[in-house]
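Subject: Structure handover

Hello,

I am passing the structure on to you. My notes on its side-chain pairs follow below.

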Amino acid sequence: AGSHLKQVFDKISNLLSGKPVEFARQTVSVTQHPEGLDFAYYKVAERFVRQGQEEIAANHDAAFPIAAVASGIWEAHPRIGDLILAHLHKRCPYAVPFYPPWKEGTPVEDYKRALGYIVDDSGTESEENFLKRMSGMIRFYAAIIHLRWPYGNKEGGHPHGLDNGWRWLAQVLNMAPVPNVTATLLLDFLEVCGNALMKQYDAQFWQMILLIQVEYIPRIEAVTSSGQMGSLVRLKHFLEQCLQRKEVPPPKGALPPSFWKS
């Protein structure tokens, strides 16, 4: 409910403002330690990104309530923005966007870690789980880009608005595609904030979509094996539907105005 999200926001905002906060039957305050505020900023930012790779990865609709609170905290406490991006870029380099190149002599495990895979004593996570986590974090990032905390300063600008989404999309299209990854994350990104980008950029946006369909899809196809076609097929179908209807559908799970009255 909207009232629940407001309570969550207030608790986090009060903590970062140095006010006493009730937690686990204790009253805590960042003023209790000289580095308490720095630690709280770091851990709150880390937690938001972890929710992206865990909760949003498991339930795409969760991107909107989580990103709404994150956007509000970013607006109220601007310092946290760089920390959210730092944690996001560390766990998901594709949010930069950046595709780490392989360097000769680099151990496979180290290169997998650079790509964002979890590598531990049990081995390297499956590609399916890896893509699921990356999708969760890209959806979190895309949702932040176009969501505004409804109780924030209406006169101020978005702390990390749609221009960053446009830049991300343009940069991705200037990079060589990676099998499975590029098609998956492009679709995630466009499903979440494509509608908002369409409204903001109009004719420029449709030129970009046409560019993806005509020039970039063949580049993805050229590096994609027959066993990796699933994400590419879904992306092609999505683009075809958008161009046919001349509209990008609103994202599933978005929070309507009535939500905030609940």
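Helices here are DSSP runs of H or I with at least four residues, strands are runs of E with at least two, and both are numbered from the N terminus. The model is predicted: local features need pLDDT of at least 70, side-chain atom pairs count only at pLDDT 80 or more, and totals for chains, interfaces and linings use all residues. Residues are numbered from 1 along each chain as its sequence is written, and side-chain values use heavy atoms, with hydrogens and water left out.

Salt bridges

The structure holds 12 salt bridges, each a side-chain nitrogen of Lys or Arg within 4 Å of a carboxyl oxygen of Asp or Glu. One of them joins aspartate 10 and lysine 6, at 3.2 Å from N to O. These two residues are 4 apart in helix α1 (residues 2–16), so about one helical turn separates them. Aspartate 10 is partly exposed at 29% relative accessible area, and lysine 6 is partly exposed at 26% (buried means under 20%, exposed over 50%, partly exposed in between, with a 1.4 Å probe and protein chains only).

Arginine 47 bridges to glutamate 55, with the closest N and O atoms 3.7 Å apart. Arginine 47 is partly exposed at 37%, as is glutamate 55 at 36%. Arginine 133 and glutamate 125 meet at 2.4 Å, N to O, and both of these residues are buried.

Shared partners join the salt bridges of Lys43, Glu46 and Arg91 into one network. Glutamate 46 lies in helix α2 (residues 36–58) and is buried, at 14% relative accessibility. Leaving aside neighbours within four places in sequence, glutamate 46 is in contact (heavy atoms within 4.5 Å) with His87 and Arg91.

Aromatic rings

Rings of Phe, Tyr and Trp (its six-membered ring) pair if their centres lie within 6.5 Å; planes under 30 degrees apart count as stacked, over 60 as edge-to-face and the rest as tilted. By this rule there are 11 aromatic pairs. Tryptophan 149 and tyrosine 151 have ring centres 5.5 Å apart and planes at 65°, so they are edge-to-face. Phenylalanine 259 and tryptophan 260 are also edge-to-face, with centres 5.1 Å apart and planes at 85°. Tryptophan 149 is buried at 4%, whereas tyrosine 151 is partly exposed at 40%. Ring pairs link Phe9, Trp149, Tyr151, Phe259 and Trp260 into a cluster.

The charged end of lysine 6 sits over the ring of tyrosine 151, 5.3 Å from its centre (NZ of Lys or CZ of Arg within 6 Å of the ring centre and within 35 degrees of the ring normal).

Regards
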